[in-house]
Amino acid sequence: MKAVIGLEIHLQVTSSKTKLFCSCSSDYRRSPPNRNICPICLGLPGVLPKPNSYVIEKALMLSLALESKISSHLIFSRKHYFYPDLPKGYQISQFTYGRISAIAYGGSLEIQVGGVRKKIGIRRINIEEDPAKIVYPERDPWKSSYVLIDYNRSGIPLIEVATEPDLESAEEAVKFVEKLLELADHLDITDPSLEGSFRVDANISVEGGERVEIKNIGSLKDLDRAIRYEILRQKRIIESGEKIRRETRHWDDITGSTVSARHKEFEEEYRYMPEPDIPPLEISEEYIEKIRSSMPELPWIMKRRFEEKYKLSEYEAGVLVSRKWLARFFEDVVRIYKNPGKVADLLINDFLGRVNEAGGRFDLVKAGPEQIAELLDLLDKKIISIKILKEILGRVMFEGIDPRKLVEEKNITVVSEDQILEELIDRVMRENPKAVEDARRNPKAINYLVGQVMKLTQGRADPEKVNSILRKKLGYEK
């Protein structure tokens, strides 16, 4: 049974300093609960919301990047529903019906899964406000005897991207969201490393069944798990001869299952109506062209440039471009250290791993490109080994320490003097006669002896020199 999946991705415009319709700070993550609120974001009677022009510009940039058709008029609507996180009883959003329209329609984003490229259609792009944040003291809504509500998030700007039902698997859905986040990062819309910076609603059906929506999935890992679980659940129901119920479900990451929340609402149940306090905004061709001219290089164009200019593999270029910060940092290092391949190797295999261990927080990196270039220079001059580089990389990255000073202070330079290495090798050979016999019979066994010398020097010996001296002592070379 084939699965059909459509996504609605809500991107927080984390680069906006204020909310969507008022001047309250949008920094709800570092603020005490219910601090950044005003009558507008609470929807008190008599208030007049005013759209945030910065958010409109960012929505237009995203629309242009996805080659969507931009509406000539921007119209906001009231979407009515009642929930504790929405004190005014409606959300200011956009709706596509007749003259009431989203900011853009159509367009596509290409993904690649298992070597196969596929274009995923975009149905519409909306601007809307975020509701408040509901906090369950026990984390689990079923175990919490009460809930807390933080209205700091009420009115935070969101850009919603709804896809056509072109996706067929969890893997494709995750790849699509990854690529959309990459684009939003390069356009300076969303910082994907921030908790809550995006949420996904997944509409899933399998052949012969109704559509089920899973709401508010907050991570790529959970998106993958939720879709796989829901496809399997629906297939088992159909195979047992029962019918799928059209409904909204929640993803429970603790039990690893979806849970029924309510029957699926139809759009008419939201009683959409044009927002009477915000008149239609004209989006002229001149304004669109002005936005287009201010757009940064798109990630797929940058990736191709990295492959051609720096001779990187498709994989290397793809990893470096996956985050705007990393791509810029790579080019900054290459301006100093003129070996792009070595810079890419260090950033992808060691640097990025440490950033990921820190929760993907590039903002915690204190090292500048000069320090990373100096590390590679120390390695080239054999002042440090690759092992030493990996040992000190974390301190250089997160403490901003000068690598040359660190190496001198800790006295951790490579041991390369012939006399010292010969004495160490002689000691290892005396203490490991069986390994010496093995190495004389089988050249591959020499690695054990090299390892013992490295162990004696705590990784500081020059492994190439150790290998060369050992081979002479074992009679391989004259």
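Is the crossing of helix 7 and helix 9 left-handed or right-handed? It is left-handed, a term used where the near helix is turned anticlockwise from the far one by less than a right angle. This is a predicted model, in which local features need pLDDT of at least 70 and side-chain atom pairs pLDDT 80 or more, while totals for chains, interfaces and linings use all residues. Residues are numbered from 1 along each chain as its sequence is written, and side-chain values use heavy atoms, without hydrogens and water.

Select helix 7 (314-321) and helix 9 (340-357), where helices are DSSP runs of H or I with at least four residues, numbered from the N terminus. Their axes come within 10 Å and cross at roughly 55°, the axes being lines fitted to C-alpha atoms over the stretch in contact and the angles running from 0 to 180 degrees between N-to-C directions. The two helices are therefore oblique to each other, since angles under 35 degrees count as roughly parallel, over 145 as roughly antiparallel, 65 to 115 as roughly perpendicular and the rest as oblique. Now show the side chains of Tyr315, Glu316, Val319 and Leu320 in helix 7, which meet Ala344, Leu347, Ile348 and Leu352 in helix 9, contact meaning heavy atoms within 4.5 Å.

Next, select helix 10 (residues 369-380) and helix 12 (residues 403-410), whose axes come within 8 Å and cross at roughly 50°. This pair is therefore oblique as well. On helix 10 the contact is made by Gln371, Glu374, Leu375, Asp377 and Leu378, and on helix 12 by Pro403, Arg404 and Val407.
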